[in-house]
Amino acid sequence: MIEVLTPGPFTTVQDSGRIGWAHLGVPVAGPADWLSHLLANRLVGNRDGAAALEVTAAGPTLWVDRDTAVAVVGASLQVDDEPAPTGRTVLVPAGSRATVGGTDDVRAYLAVAGGIDVPPVLGSRSADTLSGLGPGPLAAGDVLAVAPADLPPVWMLDRHALPQRRDALRVIAGPHADWFTEQARRAFAGGSYDVSPSSDRVGVRLDGPRLARSREGELPTEGMATGALQVPPDGAPILLLANHGATGGYPVIGVVVRADLPAAGQLRPGATVQFTVVERDQAVAAYLDLRAAADRAVVVG
Amino acid sequence: MRFADVGDSALLVETDGSADAHRVWSALRAADLPGIDDCVVGARSVLVVVDPRVADLDRVRQVAGTPGPETSAAPGRTVDVPVTYDGADLDDVAEITGLSTVDVVRRHSAATYLVSFLGFSPGFAYLSGVDPVLQVPRRETPRTRVPVGAVAIAGEYSAVYPQETPGGWRLIGRTDLQVFDAGRADRPALLAPGDRVRFVPR
């Protein structure tokens, strides 16, 4: 088991999410950056989608009661105050402390061989920070069970196998792009947006060119997809992340492609972001390429 | 019916209305196609969320586009919801509509409602079929917390709040029925799209 000595500012348990319940108003949740989550799990020999910790800004300090293999992607790591490698399988000896440092971007992932074994709710161990399903954010004194697992071989992350982060997030024109003026659509695709501090796992609020509508009226409530750029009446888009609500009522001008959701989930308050419009075929190809790159990026250490 | 890509991982099926959306939803659920993660019913749409590595969107369009009578909306269940009509906004609703509170209760409990879709929070069902006279706007200032089980109306919908959440709807009563329980894994939400609801005064 793992005991939480200090939780960090905001650390949650995330698996692949509460899939299959959105028609009942249940958010999916799951990791804000699916790629880092997947890599961390593979570095400890877990199946994709096993429950791991999503660390925001800086990490928790954890105490383990037995030899435990962990891997951190996206932040530094210390074991008993000694620097330990990240992007690599690390053995934390029984009775030792693992501390996750400041994150490289916004979110980092710590996976444990076997996976965090909190009780599943509707088939998922994810913390749903919008509606409160699943485990709450980590608190000091929490004890997390770990599913039994053999100690894995040492794996390491070959970052060169992964594509460089791009300057602009790729989007596909949204289902309601025609609700906006021609000028607004050009401003969206060519403009630069600031990431607001009031962003969280539900969505990234963006400040930049205001997007004027060519069509009045309200959108009848409809299902919302992760990556959707919803535009409320004030014209400032909100990029929906993993923990968005199941439905929404604002028109969607564009949708970030799945290959670029990891970058969207790492947008730092104060950073700027641009969007570039692509076709669906290109987006699917980019996703398949990224999955293949992830397969190559975890190598025997 | 119109189809629109929603990114590379979802397809929006826009329908002519709620009944059509329920037919499309039922057809897609019955077909159980590979690679579909979620089918989210909206007021006039179904969002089909897929794994793009697996799903065949042409097949999804085909199934959604031909919801024959044999896949018409599954005969939803009818759920009776016992209500104590003592909501904090009952007097306001009477004033806005020009009805007595007795008539507000009579009209609200006379209708049979259809679960059009769910959203806002887990188990929050948008119930269509509100008597046109009772279609009042939301409160100007939403409440920061609405109690669990509050029965409310706003515009063309009525609802029962499944959790204590903020909310701007007008509260007219309350029920003891638990409308959402994540521990009820076979049926976490009491109400699903296509079900019918009657409010029974007590």
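**Entry one: a helix pair.** I began in chain B, where the axes of helix α3 (residues 90-97) and helix α4 (residues 101-110) come within 9 Å and cross at roughly 95°. That angle falls between 65 and 115 degrees, so α3(B) and α4(B) are roughly perpendicular to each other. I kept in mind that this is a predicted model.

Which residues meet here? From α3(B) I noted L90(B), D91(B), V93(B), A94(B) and T97(B). On the α4(B) side, their partners are T101(B), V104(B) and V105(B). Sorting this contact by class, I got 5 nonpolar, 2 polar and 1 charged residues.

**Entry two: where the chains meet.** Next I turned to chain B against chain A. I found 42 residues of chain B in contact with 35 residues of chain A. Between them the two chains bury about 3,000 Å², with 63% of that on carbon and sulfur atoms. I also asked which residues of chain B lose the most area to chain A. They are D8(B), D38(B) and R53(B), which together account for 20% of what that side buries.

**Entry three: polar pairs across the interface.** I looked for salt bridges between chain B and chain A, and the count is 0. For polar contacts, the rule finds 12 residue pairs across this interface, both residues at pLDDT 80 or more.

I then listed the elements of chain B that each supply at least two residues to the side touching chain A: β1 (2-5), β2 (10-14), α1 (18-31), β3 (36-41), β4 (45-50) and β6 (112-118). The most comes from β3(B), with 5 residues. By class, that side of chain B divides into 25 nonpolar, 7 polar and 10 charged residues.

How values were computed:
Residues are numbered from 1 along each chain as its sequence is written. Chains are lettered from A and ligands numbered from 1 in the order in which they are written. This is a predicted model: local features need pLDDT of at least 70, side-chain atom pairs count only at pLDDT 80 or more; totals for chains, interfaces and linings use all residues. Side-chain values use heavy atoms; hydrogens and water are left out. Contact means heavy atoms within 4.5 Å. Buried area is the accessible area (1.4 Å probe) that two parts lose on being put together, summed over both. A salt bridge is a side-chain nitrogen of Lys or Arg within 4 Å of a carboxyl oxygen of Asp or Glu. A polar contact is a pair of N or O atoms within 3.5 Å; within protein, one must be able to donate a hydrogen and the other to accept it, and residues adjacent in sequence count only if both atoms are side-chain atoms. Helices (H or I, at least four residues) and strands (E, at least two) are DSSP runs, numbered from the N terminus. Ala, Val, Leu, Ile, Met, Phe, Trp, Tyr, Cys and Pro count as nonpolar, Asp, Glu, Lys and Arg as charged, and the others, Gly among them, as polar. Axes are lines fitted to C-alpha atoms, for helices over the stretch in contact, and angles run from 0 to 180 degrees between N-to-C directions. Angles under 35 degrees count as roughly parallel, over 145 as roughly antiparallel, 65 to 115 as roughly perpendicular and the rest as oblique.
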